[in-house]
Amino acid sequence: MEGIIAAISTAWGESGIAIVRLSGDGCRDLVNGIFRGRTDLSSTPPRFMRHGYIVDEKGMELDEVLAVWFKGPFSYTGEEAAEIQCHGGTVAARKCLDLCLSLGARMACPGEFTQRAFLNGRLDLIQAESVLGIIRSRSDRSLQAAAKCLRGSLSTKVAEIHEEMLELSAFGEASLDHPDEDIPPLDPRSMGERLSGISEMIRLLLSSARSGRFLREGIKVALSGKPNVGKSSLMNAFLQESRSIVTSMPGTTRDVIEEVISHKGVPLRLVDTAGLRAPRDEAEEEGVKRALDAIRESDIRVWVIDGSLPLSEEDREIAKTLMDPCCVVAINKSDLPLVVSERSVEDILPGTPVRVISAFCGQGIEELKDQIVLAVAGRTSLDEDLNTTERQVEELGKAMDLTISAMDALSSGAGLDAVLEVIREARECISRILGISTDESLMESVFSNFCIGK
Amino acid sequence: MARGEKGLEENVFDVIVIGGGHAGCEAALASSRMGAKTLLLNLLLDNTAMMPCNPSIGGPAKGHLTREIDALGGEQAAAADGSTIHIRMLNTSKGAAVRTLRAQCDLRDYHLWYRRACDMQPGLCVMQDQVTDIWIENGRVRGVRTGIGTIYEAGRVILATGTFLGGKVHIGLTSFPSGPLGQVPAPALGKSLREAGLQVGRLKTGTTPRIHAGTVDWEALERQESAPEPYCFSHWGTPKTFSGFACFLTRTNNETHEVIRSSLDRSPLFTGAIEGRGPRYCPSIEDRVVRFPDKESHLVFLEPVARDSVEIYMQNFTTSLPFDSQVRMVRSLPGCRNARIMRPGYAIEYDFVPPTQLEPWLEAKNIRGLFCAGQINGTSGYEEAASQGILAGINAALSVRGEEPLVIERSRGYMGVLVDDLVTRGTEEPYRMLTSRCEYRLLLRHDNADHRFSPLGRELGLLDDERWRILQGRWKALEKEIDRLKKTRLRDPEAIGNILSGPEAGTAEPGVTAAELLKRPGVTWEMVARAAPPGQEPDTEVRERAEIEIKYEGYIARQISQVERMKRMEQVKIPDGIDYGSIRGLLNESRQKLAAVRPRTLGQAGRISGVTPADIMLLEVFIEQNRRGMENARKE
């Protein structure tokens, strides 16, 4: 197999251990390059765990770790492999992964460890079908995660960068391929300025991505239901402190409120949405629209029902919108006499887990959290979300480096042909984030911007 | 065609080429030079290698192709050199990878060059006849039948029919069946291809009016002279300078655009009379005016077509508007007030065989022994046609010998990119080669075509001892010169200062190598050589290449490593007859596309638009699963 691949192979969690996994010839020495322990990994026999620290290029200790390596073919992938177990959890694991990438490893594609295991003969023919299944489901999960990250401001910014790169390329390529046309000459100074503009755009995006401001991850849980069924109280019960304005007046929560809690090491991003009903005023209309957006973007919906009142037609309507892809039902207000049975809910949403709770007394809350994690984690590979984010950051980082190389090429007097090659590589990184094919978009751009003849 | 019909012994060939244009001639020459007994059938011998559009060879990407054909042992560069009347080096300031020649040729001399080459070629039989049927039995080609009833037998047939298949010319709202420039079309063959199970599509192209040189006011126009430096295309040619056949520049203006706008209701393009799709890169003048309404003027080049001809070609002025509009449009141009049109511009629609039906060696997937080359594959341009011609000729001859087909990698040359694009992605407009289509452009330069293709040409038997000996000498000199520049150290601070006198050249300590200095902006081989002269002055070509290799060293290395990264995928072969329906997890769209294209390698599969990296991973697992399954079955 070609190259060293790396990925985080544990799901989110602020506590506990996060593992960075590597596979490919030379990965032991790569890990050894950032590992400081009493004994070097290169003088450690395979499958012996070593205690030490991961240090960055400046010699700073990032985390206390255990490191181990496996000699091919006696590893999961059937080739040389290594693992770094970070004690600092996900954040430390990401820094550690970044270091590995900067030393020449590349982010593994979804399912690639399993694929290598199969191609290297570590998994037998009977397992081939499940290998195919793993690759498909992990790729799907990664696509979903990427799409989620790409909604909103990130998408706009990445698309802007792409557009700017494309325009610059189209300008240059048009002048190379059509020298006798009326194409205004591309002077190196303005090209340099545009490149530096692009690199600044990427830099800003990268710094906010690294600080996690919008490439946030976690399981997004939308609390939804009719007004006044106790969504905000449930949110508070989850948080064990008062955040949302809780009153008994229907429609009080007009904005979308988001909080992150950790349950058994899995971050849950709780979104308290406005009550779903026909809006009475403009502010409420906006609230309902946001609530619907939040529900659409969520990984799982908690349908909150007031158990003390009979189910209405409105409830049934709401239920339909929540089913796909994944839903958990919370029958609230068990502190009051219940008129809604678990059975009647199961009739509306067959196969959906139902929990009876009281947000007011805090009853059934832990079980509900368990159910949420179980429902999502059972379906998906949670580490894929984390790695998708890492892949996007990796592509942004590469695009940044390449843009700077293009500026260097330009100032060192290299030909436009060479400069444009470097820009093309940078553009491909950005295209991969957006999931678009590069060659056709370039041609389109050339032909729509320039009137080209011969 | 009836079975069992047998031609005469003298009518039995190894390879038959249908069509004597740029693709057909190269195909016939390559195949016969490789020892296959070859028949070239042409509608009209006087049309051999005709240039029905601009009689020019080269330009970005196209010139690269011509150099590659030459390095491989083809004829086009020599034909261009033998007929050049005007030549220029383009993109001189934009970088070595895109620098290329463009020659204006005497179209009669060009035609005669090919005519002679084919007529005199041992092992090649040239005939004038029209093919009406392809003889196919059990999915294999057996031969052809012609309009006068002759049957020629051959196990390999190369279709190089250009725009003649189902040709239909449009001028204004008038249309009629025709080949290019009023030639007779070939209506019957298209039907035979459809019957053979090939899918056939429609494309459109066009050309400009030709005007009489004696009716143009040349004094009023800007001249573009042939380059003062001597140039030639061929690796074995003698560089020359040319004079007496300048090109001239004029421009459209508001009046021209008004005539065009007021004639659109009689345009076959805008009224929907034309169904075939035309190229975006070579739009008609009416297209330009409509699509770019804010552009007040478009450049038009007036170019000679032959030494002894008064006809003038109007580059960038392709049109299919009615003849009366063409006259007014032409006369609105500066210098053309009194110009007289000798041949009208026109649009031509023609049949093509969507090229995803071909293997990467240009053989039809469903009809063994049938090869397609040139415009029939949806391309445009003499250089694109000739490239496919030589490859089809080589592969037909290899197939006769029972040898493995030749597939050119994208990293080896423009030819590889051209064919891979066609067979993998297909095309919806006439495909033109562009440098921006090549991901390894810095490796695929005009100057190093011989390094990339001549070893292949030699191995195939297309390059004789003499030409091979000349290349060997050149390559040795190049290696020596690069080595010398890397080893020579300069110690005199004044000499170093002189070399680094440019504004961005920087400074260097004594002891710096000549190569390091040469890498600096603005420093040329000549500047370095003055301070560190070579023992023996190398040829211009060697000097220029040494400079490029050294200046681009870092970028070249970078692209080589990209090629290496892709190599594994290019080497994983997808077995014949793979059932995409049985691969679990493939997305439906990918499944359909893969099944339609039937790629040969994982690399090729990955270039099909819409096929994702995950699909490729799945495919690789499936291939390995199959391989192990077969291995187990063998053991049992």
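Q: Is Tyr53(A) buried, partly exposed or exposed, and how many other C-beta atoms lie within 10 Å?

A: This is a predicted model, and burial in it is read by counting neighbours, where a residue is buried if 20 or more other C-beta atoms lie within 10 Å of its own and exposed if 12 or fewer. Tyr53(A) has 15 other C-beta atoms within 10 Å, so it is partly exposed.

Q: Where does Tyr53(A) sit, and which residues is Tyr53(A) in contact with?

A: Tyr53(A) belongs to strand E4 of chain A, which covers residues 50–55. Once its neighbours within four places in sequence are left aside, Tyr53(A) is in contact with Arg36(A), Glu61(A), Asp63(A), Glu64(A) and Val65(A).

Q: How many residues does each chain give to the contact between chain A and chain B?

A: Chain A brings 38 residues to the contact and chain B brings 45 residues. On the side of chain A that touches chain B, the elements that give two or more residues are the helices H3 (112–119), H4 (128–149), H5 (153–177), H13 (416–434) and H14 (438–449) of chain A. Of these, H4(A) gives the most, with eight residues. Sorted by class, this side of chain A has 18 nonpolar, 10 polar and 10 charged residues.

Q: How is chain B built as a whole, and why can chain B be called as compact as a globular protein of its length?

A: Chain B has 20 helices and 23 strands. Its radius of gyration is 26 Å, close to the 26 Å that the globule rule gives for 636 residues, so chain B is as compact as a globular protein of that length. Buried residues make up 53% of the 636 residues in chain B, and among the contacts in chain B with a separation of 6 or more, 72% join residues 24 or more positions apart.

Q: Which domains does the assignment give for chain B?

A: The domain assignment of chain B lists domain 1 (9–205 + 350–460), domain 2 (210–346), domain 3 (471–558) and domain 4 (572–635). The C-alpha centres of domain 2 and domain 3 of chain B lie 44 Å apart.

Notes: Residues are numbered from 1 along each chain as its sequence is written. Chains are lettered from A and ligands numbered from 1 in the order in which they are written. This is a predicted model: local features need pLDDT of at least 70, side-chain atom pairs count only at pLDDT 80 or more; totals for chains, interfaces and linings use all residues. Helices (H or I, at least four residues) and strands (E, at least two) are DSSP runs, numbered from the N terminus. The radius of gyration is taken over C-alpha atoms; the globule rule is 2.2 Å times the number of residues to the power 0.38. Two residues are in contact if their C-beta atoms, placed from the backbone, lie within 7 Å. Ala, Val, Leu, Ile, Met, Phe, Trp, Tyr, Cys and Pro count as nonpolar, Asp, Glu, Lys and Arg as charged, and the others, Gly among them, as polar. Domain bounds come from an automatic or database domain assignment.
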